[in-house]
Amino acid sequence: MLVSRVPDVDAAYAACLAHGATPAGPPADRPEWGPTLRSAHVRDPEGNLWELQSY
């Protein structure tokens, strides 16, 4: 899994999907991972799993 910190998880998730990524987990707040953490997961066209996160 590759992790990328982004300023806006929802916008990054939408951009990834618009460019051919497959959804693997929609944007959601993850307080159990950190008090302000928000993340989403996508698979790129080669099948790599990406985590998009902001905190």
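Which residues does Leu-52 touch, not counting residues up to four places away in sequence? They are Ser-4, Val-6, Val-9, Ala-12, Tyr-13, Cys-16, Arg-38, Ser-39 and Ala-40. Touching, or contact, means heavy atoms within 4.5 Å.

The views below show a predicted model, in which local features need pLDDT of at least 70, side-chain atom pairs count only at pLDDT 80 or more, and totals for chains, interfaces and linings use all residues. Residues are numbered from 1 along each chain as its sequence is written, and side-chain values use heavy atoms, with hydrogens and water left out.

**View 1. The whole protein chain.**
The protein chain has one helix and four strands. From the N terminus on, the order is β-α-β-β-β. The radius of gyration is 10 Å, close to the 10 Å of the globule rule for 55 residues, so the protein chain is as compact as a globular protein of that length. Helices (H or I, at least four residues) and strands (E, at least two) are DSSP runs, numbered from the N terminus. The radius is taken over C-alpha atoms, and the globule rule is 2.2 Å times the number of residues to the power 0.38. Along the principal axes, the C-alpha atoms fill a box of roughly 30 × 20 × 15 Å. Take the contacts between residues at least 6 apart in sequence: 38% of them join residues at least 24 apart.

The accessible surface of the protein chain comes to about 3,500 Å². Carbon and sulfur atoms account for 57% of that surface. Areas come from the Shrake-Rupley method with a 1.4 Å probe; for residues, only the protein chains shown count as cover. Of the 55 residues, 33% count as buried. Buried means under 20% relative accessible area, exposed over 50%, and partly exposed in between (1.4 Å probe, protein chains only). There are 4 positive and 7 negative side chains. The centres of the two sets lie 3 Å apart. Lys and Arg count as positive, Asp and Glu as negative; His and the chain ends are not counted. Each charge is placed at NZ of Lys, CZ of Arg, CG of Asp or CD of Glu.

**View 2. The largest nonpolar core.**
Eight residues form this core: Val-6, Val-9, Ala-12, Tyr-13, Ala-21, Ala-40, Val-42 and Leu-52. Helix 1 (9-18) and strand 3 (38-43) each supply at least two of the core residues. Helix 1 gives the largest share, three residues. A nonpolar core is a set of buried Ala, Val, Leu, Ile, Met, Phe, Trp, Tyr and Cys residues joined through side-chain atoms within 4.5 Å.

**View 3. Leu-52 in strand 4.**
Leu-52 sits in strand 4. Is Leu-52 buried or exposed? Leu-52 is buried, with a relative accessible area of 4%. Its C-alpha atom is 10 Å from that of Ala-11, 41 residues away along the chain.

**View 4. Leu-2 in strand 1.**
Strand 1 (residues 2-5) holds Leu-2. Leu-2 is partly exposed, at a relative accessible area of 40%. Leaving aside neighbours within four places in sequence, Leu-2 is in contact with Leu-49, Trp-50 and Glu-51. Leu-2 and Asn-48 are 46 residues apart in sequence, yet 7.7 Å apart in space, C-alpha to C-alpha.

**View 5. Ala-24 in strand 2.**
Ala-24 belongs to strand 2 (residues 22-29). Its relative accessibility is 45%, so Ala-24 counts as partly exposed. Beyond neighbours within four places in sequence, Ala-24 is in contact with His-41, Val-42, Arg-43 and Leu-49. The C-alpha atoms of Ala-24 and Gly-47 are separated by 11 Å, with the two 23 residues apart along the chain.

**View 6. Tyr-55 after strand 4.**
Tyr-55 lies in the segment after strand 4 (49-54). Leaving aside neighbours within four places in sequence, Tyr-55 is in contact with Arg-5, Thr-36 and Leu-37. Arg-38, 17 residues apart from Tyr-55 along the chain, has its C-alpha atom 6.4 Å from that of Tyr-55.
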